[in-house]
Amino acid sequence: MKPVCAVEKVIEKNGKNIIVCNETRSHLLPVLRDIQDRKGYISDRDMQEIADGLGIHPVEVYSVVTFYSFLTSKKKGKCIIRVSNCMPNVMSGSKNVIKAFERALKIKLGETTKDGRFTLETTGCIGMCDQAPAIMVNDQLMGKISPNKVGQLIADLKKVRSK
Amino acid sequence: MSERLGPVIFSRIEPYAGLKKALELGKNEVLETIKKSNLRGRGGAGFPTGLKWSLTAAVKAEKKYVICNADEGEPGTFKDRVLLTEYAKLVFEGMIIAGFAIGADAGFLYLRGEYRSFLPGIEKVLFEMQKEGALGSSIMGKKGFDFNIEIRLGEGAYVCGEESALIESLEGNRGEPRNRPPFPVNTGFEGHPTAVNNVETFANVPHILAKGPDFFKKIGTDKSAGSKLLSISGDCKKPGVYEVPYGISLKGVLKLVGAVNVKAVAVGGASGICVSKKDFGRKIAFEDLSTGGSVVVFDAKRNMMDAVENFLEFFKEEHCGQCTPCREGIPVLLEGVQLIRKGGCSKEYLEDLRSLAETMQCASKCGLGQSAPNAFISVVDGFQKDYKLSNKKKEEKEFNA
């Protein structure tokens, strides 16, 4: 059986994405995910190259990138912190958690820190309502985040990132 | 963690007992068994699973697919997180049985992007199953039955939980729902017949086969057989995932989680309805309160207009933008709610908003738009103490201008 998620389909050579095709259009999302993981965003040039590789118009790639909230065409921080803003999270104080992150990172919601390390966003339900308020740090889910835990969390993340 | 207990999914079962039984029975018998059990889709719409599989099985095609919809995005739902981290083998066993019954040799697990961190664990289960002969070719020694499962990730789009949008997304497109008919059972992934079921539906299947359809039918009500996983959160002592038999009243649910002084329960998340105290005798069942499993408890200090505003903001973010009633209706309802909260909404304008909400319910293209106004209507009708209307018509004119 093929190992899942078809990520090995894109290889990078001399700064260029080379798509190992026999891929079809249906592999567009895994291919985009791979680039998003490696570079943190999907540039216009990446989109053009993917389109060439798959034999579709670059606008189609662009339309897909802009549709999905986890894919981005603009550079974001290395560490994206997403605070869930669904109702159970709001009820248990996610707004205060957001404020605490804003203070700790010295940015506003939706912004990236100047050093390019952190981006702060909100997102819909992340399936952690039983442990609200919950956040997503890149792809890791974390529950029971209170505002006074935020400072320590950022410090920990900075340590891990600088290693 | 203590062992989970429940009437069906959380009850004990030998690994592969359902699959072995299915291979012994043969395709037609499996379809008959599922039909007899009255199993209905657990994602919320409640389509009879046996019928869906029979329709897919009846189509003559070279290639067929089984898709497991693990894109639970409904606010307040997290049952699939529990199923995929603790019961993944059971879910995959259900998918393999579905593949056997409809004649498919490939399946997809469409996993929401938010659950990406569970990927290594789920992949490990798949490799284990491959080693045990439950995936790959000649499954469990049955010659001619091959089945493989591939995991595909979503990228954070709620609308992809709608089955045709999910298929669009799998094909590498924007997750926009298709016109139906044709239904996926005829024209699904890349035009091939496809059975799309919820994670929880698949988790029921091995139990039904191993223990018989009568075991399953005995649980629940006449029209809603079996049990439902509820994801309960909000103002309660013990939030979490509970397996309850269909037919349980809201009162019973609230007792289970230790919720006191409850004012309202949002059943079905943002797309469901908010039930007020006088209706707590209503039952969780397809014929009464049909739900995908989200239960959010609100206590007396909450204002339900907050909830409606939050839900509509969510829909404004997540709708796909294809059809007019939904795309244009949601922002108008949201502004209306904000106006009501400011105290500037007249009775007449509220009537207009209500009629717009009803139009959206019947004119939107997919389930998202059709259900987006549910919470609005239920709160406007059921929680009149939570908002005040303005007597003046002037402010309303200002707003419209």
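1. Two residues are in contact here if their C-beta atoms, placed from the backbone, lie within 7 Å. The structure is a predicted model, in which local features need pLDDT of at least 70 and side-chain atom pairs count only at pLDDT 80 or more, whereas totals for chains, interfaces and linings use all residues. Residues are numbered from 1 along each chain as its sequence is written, and chains are lettered from A and ligands numbered from 1 in the order in which they are written.

2. On the interface between the chains: 47 residues of chain B are in contact with 36 residues of chain A. On the chain B side, at least two residues each are supplied by α6 (119–131), β3 (148–153), α7 (163–170), β5 and α11 (304–318), where helices (H or I, at least four residues) and strands (E, at least two) are DSSP runs numbered from the N terminus. The most is given by α11(B), with six residues. By residue class, this side of chain B divides into 14 nonpolar, 18 polar and 15 charged, with Ala, Val, Leu, Ile, Met, Phe, Trp, Tyr, Cys and Pro counted as nonpolar, Asp, Glu, Lys and Arg as charged, and the others, Gly among them, as polar.

3. On helix α7 of chain B: eight of its eight residues are buried, so α7(B) is largely enclosed by the rest of the structure; a residue is buried if 20 or more other C-beta atoms lie within 10 Å of its own, exposed if 12 or fewer, and partly exposed in between. The buried residues include B:Glu163 and B:Glu168 as well as B:Leu166 and B:Ile167. Their cover includes α1 (28–39) of chain A, together with β1 (65–70), β2 (106–111), β3 and β4 (194–198) of chain B. After α7(B) comes B:Gly172, whose phi is positive, near 90°.

4. On the open sheet of chain B: five strands are arranged in the order β6-β5-β9-β7-β8, with mixed pairing, two strands being paired if DSSP finds at least two bridges between them. Since β6 (240–245) and β8 (273–276) of chain B stand at the edges with a single partner strand each, one side of each is left without a neighbour in the sheet. Neighbouring strands are turned by 30° against each other on average, direction ignored; axes are lines fitted to C-alpha atoms, for helices over the stretch in contact, and angles run from 0 to 180 degrees between N-to-C directions. Within the sheet, β5 (residues 227–234) and β9 (residues 294–299) of chain B pair in the parallel sense over four bridges, and B:Gly234 has B:Val297 as its bridge partner in β9(B). Helix α15 (residues 374–382) of chain B packs on the sheet, touching β7 (262–267) and β8 of chain B, and its direction makes about 25° with that of β8(B).

5. On the domains of chain B: the assignment, automatic or from a database, gives domain 1 (17–218), domain 2 (227–299) and domain 3 (305–400). The centres of domain 2 and domain 3 of chain B, taken over C-alpha atoms, are separated by 24 Å, and nine residues of domain 2 of chain B are in contact with twelve residues of domain 3 of chain B. On the domain 2 side, β7 and β8 of chain B are the elements that give two or more residues, and β8(B) has the largest share, three residues.

6. On B:Ala375: leaving aside neighbours within four places in sequence, B:Ala375 is in contact with residues including B:Ile273, B:Cys274 and B:Phe311.
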